[in-house]
Amino acid sequence: MTTIRPTLRCPCDGRHLARGFAYERRPEGEAAFPIAGAYRREYRRCAVCRHWFSHHEMDLAGLYSGAYVDATYGDRMRQTFERIMALPEDRSDNASRVATINDFARRRFGSRGTAPRLLDVGTGLAVFPARMKAAGWVCTALDPDPRAAAHARDVVGITALAGDFRSRAAADLGQFDLVSFNKVLEHVEDPVELLASSHPLLAPGGFVYLELPDAEAAAREGAGREEFFIEHHHVFSMASTALLAARAGFSLLALESLREPSGKFTIRAFLEAAPAKALD
Ligand SMILES: [Zn+2]
């Protein structure tokens, strides 16, 4: 039995939790992960920072070692990749994301002689690095599933590694102008730790891009929203995104909430390493 204990290391941790949504069966649209025993889970919502924490006692060990890709994509990774890449711009979450990031990078870096470098953490189908490559970035993708990494290498034609990003020395990967976490941090128990471990991978002047599910906006449409599906240990608020950044040693450069073309309620944030604090 694995008990999930999601943490945000917040000052309000555990002392102001109220019941959010409770589930006794799989909501429509959620992947049918193999679960031993009864399906029973709930979200608890922090009354102070409005962060939502998943709480349950189901055994989800091994969710990402193949089972996630099996349940989400099956053998259809390439077909799904091609379908998403073919979406018209106004219906593509990815096109909007890539445009936003390139605007930001142009303002931050100006025109440089060398191609900027991207590390995409938790790359999945790799539609994001595929478009970034087309926009002139040198891309590296990381995914825990070897099939996702192989897909990124063989279909997208970029450097890709299978494995846990924290287990690799920074020297193995080099440094990057951008490290991206597109809908990744809600899947881990300790998002502060994962985000903080990206510091050594950032080149001087580099930045981090985050996308997270927006709990407050999604909750207004009810418990059946995909932002609250079982694989999300955390669902964020604007306040808890700011808290996450600060706890992981980053400063916010930009923060916004939006509804994506797919209908997802999403928080986007740009971060840079926080200046070292002087000790008094
Ligand atoms: Zn809180």
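**Close-up 1. Ser240 sits in helix α9, which spans residues 238-247.** Helices here are DSSP runs of H or I with at least four residues, strands are E runs of at least two, and both are numbered from the N terminus. Welcome to a predicted model, in which local features need pLDDT of at least 70 and side-chain atom pairs count only at pLDDT 80 or more, while totals for chains, interfaces and linings use all residues. Residues are numbered from 1 along each chain as its sequence is written, and side-chain values use heavy atoms, with hydrogens and water left out. Ser240 counts as buried because its relative accessibility is 0%; buried means under 20% relative accessible area, exposed over 50%, and partly exposed in between, with a 1.4 Å probe and protein chains only. Not counting residues up to four places away in sequence, Ser240 touches Leu8, Cys49 and His51, where a contact means heavy atoms within 4.5 Å.

Close-up 2. The structure holds 11 aromatic pairs. Rings of Phe, Tyr and Trp (its six-membered ring) pair if their centres lie within 6.5 Å; planes under 30 degrees apart count as stacked, over 60 as edge-to-face and the rest as tilted. The pair links distant parts of the chain: Tyr23 belongs to strand β1 (residues 17-23) and Tyr43 to strand β2 (residues 41-46), 20 residues apart. Both Tyr23 and Tyr43 are buried. They also belong to one aromatic cluster, formed by Phe21, Tyr23, Tyr43, Trp52 and Phe228. The ring of Tyr23 has the charged end of Arg41 over it, 4.1 Å from the ring centre; a charge sits over a ring if NZ of Lys or CZ of Arg is within 6 Å of the ring centre and within 35 degrees of the ring normal.

**Close-up 3. Tyr209 and Phe270 form a tilted aromatic pair.** Their centres are 5.1 Å apart, and the planes make 55°. This pair, too, links distant parts of the chain, with Tyr209 in strand β8 (residues 202-213) and Phe270 in strand β11 (residues 265-273), 61 residues apart. Tyr209 is buried at 0% relative accessibility, and Phe270 is buried with a relative accessible area of 5%.

**Close-up 4. An open sheet of 7 strands runs in the order β6-β5-β4-β7-β8-β11-β10.** Its pairing is mixed; two strands pair if DSSP finds at least two bridges between them. β6 (159-162) and β10 (250-259) stand at the edges with a single partner strand each, so one side of each is left without a neighbour in the sheet. Neighbouring strands are turned by 15° against each other on average, direction ignored. Axes are lines fitted to C-alpha atoms, for helices over the stretch in contact, and angles run from 0 to 180 degrees between N-to-C directions.

**Close-up 5. Strand β5 is largely enclosed by the rest of the structure, because 5 of its 6 residues are buried.** Strand β4 (residues 117-121) runs parallel to β5, with 5 bridges joining them, and the bridge partner of Arg117 in β5 is Val138. The charged end of Arg117 sits over the ring of Phe176, 4.4 Å from its centre. Together, β4, helix α4 (residues 127-134) and β5 make a right-handed β-α-β unit. Right-handed means that, with the strands pointing away from the viewer, the path from the first strand over the helix to the second runs clockwise.

**Close-up 6. β5 and β6 pair in the parallel sense, over 4 bridges.** Here Asp143 stands opposite Ala162 in β6. The chain crosses from β5 through α5 to β6, and this β-α-β crossover is right-handed. Helix α5 (residues 146-156) packs on the sheet and touches β5 (138-143) and β6, its direction making about 170° with that of β6. Ala160 lies in strand β6 and counts as buried at 6% relative accessibility. Leaving aside neighbours within four places in sequence, Ala160 is in contact with Ala141, Ala149, Ala152 and Arg153. The C-alpha atoms of Ala160 and Ala149 are separated by 5.2 Å, although the two residues are 11 residues apart along the chain.
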